[in-house]
Amino acid sequence: MNPKINLPFETLSWIGGLDGHVQMLEQTLLPLEEVQLEVRTVPEMVDAIYRLAVRGAPAIGVAAGYGMVLGVRGAPAGGVLEAARATKATLDAARPTAVNLSWATARILRHLEGMASSSDDELKAALLAEAHAIHAGDRDTCRRMGAHGAALIADGHTLLTHCNAGALATAGMGTALAPIYTAHAEGKRVAVFADETRPLLQGARITSWELMKAGIEVRLITDGMAARVMGEGKIDAVFVGSDRIARNGDVCNKIGTYGVAISARHHNIPFHVVAPLSTVDPALPSGDLIPIEERPAEEITEGFGNRTAPRDVQVYAPAFDVTPASLVTSIITEVGIIESPDTAKMERALRDGGVSF
Ligand code: MRU
């Protein structure tokens with residue numbers, strides 16, 4: 001149960017102590033079935049991340065943190081650090097775009113490397129504690145982003161969102177949806193247009209599902225309708241999440257986000273990105289360096305088992321795109337709102353958040 005927004009589900013949790021396992025809501029089956037998936041090994045975790053059983057940048061980071069715990073379990077005596085390094089490499093390769101994944105595994109590895117003369121048991125206990133800290137930190141970060149972002153939402157506003165950047169994409173109340181949940185909890189009347197989000201339908205299957213559970217008015221539209229709805233004057237602001245933000249404020253998010261940003265700019269609608277500082281990759285000076293995941297053609301040609309394109313048709317299937325910083329009205333982080341982001345402002349936010357870069 002997530003008490004902040006009263007949603008009757010947890011995205012994922014760690015069950016038990018050092019010998020425990022991860023339990024996660026199997027998101028590929030939503031909204032028709034609510035099934036809990038148990039993950040006990042690194043290959044199972046890689047599979048869960050790749051299949052999008054757990055998805056959304058911060059949630060993948062939390063899952064990977066626990067994946068590190070699973071990865072050192074069978075390590076030979078004196079081999080915990082080596083096992084952690086190998087596990088990090090395996091988990092990081094599961095999906096390339098969301099930097100939160102490698103951010104979480106790197107944070108854990110750094111922590112272990114700082115415990116040079118510790119026993120295997122101490123290292124394993126520290127690893128689990130750090131994974132729990134990442135989990136708890138994500139909850140808190142969502143709450144803080146929600147508070148900052150809710151200030152941009154007025155009573156009666158209608159917002160548009162793309163993909164799912166809600167509770168199911170994090171361990172807390174979400175990134176893009178956090179300001180919406182917070183505004184709703186503050187008593188503001190808010191409504192949401194949710195883009196369906198081709199091809200894996202995170203907007204249709206997940207965003208509309210969780211907003212309905214939270215009692216927030218939501219209307220589902222196909223991706224191609226977003227510009228039309230903006231042109232009709234129905235949207236006050238766009239809120240989206242991000243999988244990786246370059247040092248200059250270029251924002252990578254689910255494929256289709258770039259088009260939404262262009263439409264928003266054309267219609268003079270604010271385009272807000274909500275993301276924790278763990279989504280900022282200071283190593284990348286601009287968004288064209290962000291690795292973009294390509295997904296299997298079948299996700300487009302026969303999504304959910306239903307063939308909708310000619311056999312053998314050629315397909316191009318990037319899963320993410322990059323919106324240039326010039327189209328971004330603001331980036332809302334846990335340390336505050338970065339208006340009209342650029343390199344200097346991003347670096348200031350990183351410093352404010354205590355991130356060394
Ligand atoms: O492929 P997905 O479902 O993992 O993509 C998720 C997104 O693009 C989200 O918008 C992003 O991770 C931000 S989530 C808080």
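1. In this predicted model, Trp14 has a relative accessible area of 9% and is therefore buried, the cut-off being under 20%. Tyr66 is likewise assigned as buried, at 1% relative accessibility.

2. By the ring criterion applied here, the count comes to two aromatic pairs. In one of them, the ring centres of Phe9 and Trp209 are 5.2 Å apart and the planes stand at 35°, so this pair is tilted. Phe9 belongs to the segment before strand 1 (12-15), whereas Trp209 belongs to helix 7 (residues 202-213); the pair therefore ties together parts 200 residues apart in sequence. Both Phe9 and Trp209 are buried.

3. Trp14 and Tyr66 form a stacked aromatic pair, with 5.3 Å from centre to centre and 20° between the planes. Since Trp14 is in strand 1 and Tyr66 in helix 2 (residues 57-72), the contact ties together parts that are 52 residues apart in sequence.

4. Four strands make up an open sheet of order 11-8-9-12, with mixed pairing. Its edge strands, strand 11 (280-281) and strand 12 (320-323), each pair on one side only. Helix 9 (residues 257-266) packs on this sheet and touches strand 9 and strand 12; the direction of helix 9 makes about 30° with that of strand 12.

5. Within the sheet, strand 8 (residues 244-246) and strand 9 (residues 251-254) are paired in the antiparallel sense over two bridges. Ile245 stands opposite Val251 in strand 9.

6. Two placements of charge over a ring deserve mention. The charged end of Lys254 sits over the ring of Phe320, 4.2 Å from its centre. The charged end of Arg295 sits over the ring of Tyr50, at 4.4 Å from the ring centre.

Note on methods:
Residues numbered from 1 in each chain as written. Predicted model: local features only at pLDDT ≥ 70, side-chain atom pairs only at ≥ 80, totals over all residues. Heavy atoms only, no water. Pairing = 2+ DSSP bridges. Contact = heavy atoms within 4.5 Å. Axes fitted to C-alpha atoms, helices over the stretch in contact; angles between N-to-C directions. Phe/Tyr/Trp six-rings, centres within 6.5 Å; stacked < 30°, edge-to-face > 60°. Buried < 20%, exposed > 50% of the residue type's maximum accessible area, 1.4 Å probe, protein only. Lys NZ or Arg CZ within 6 Å of the ring centre and 35° of its normal.
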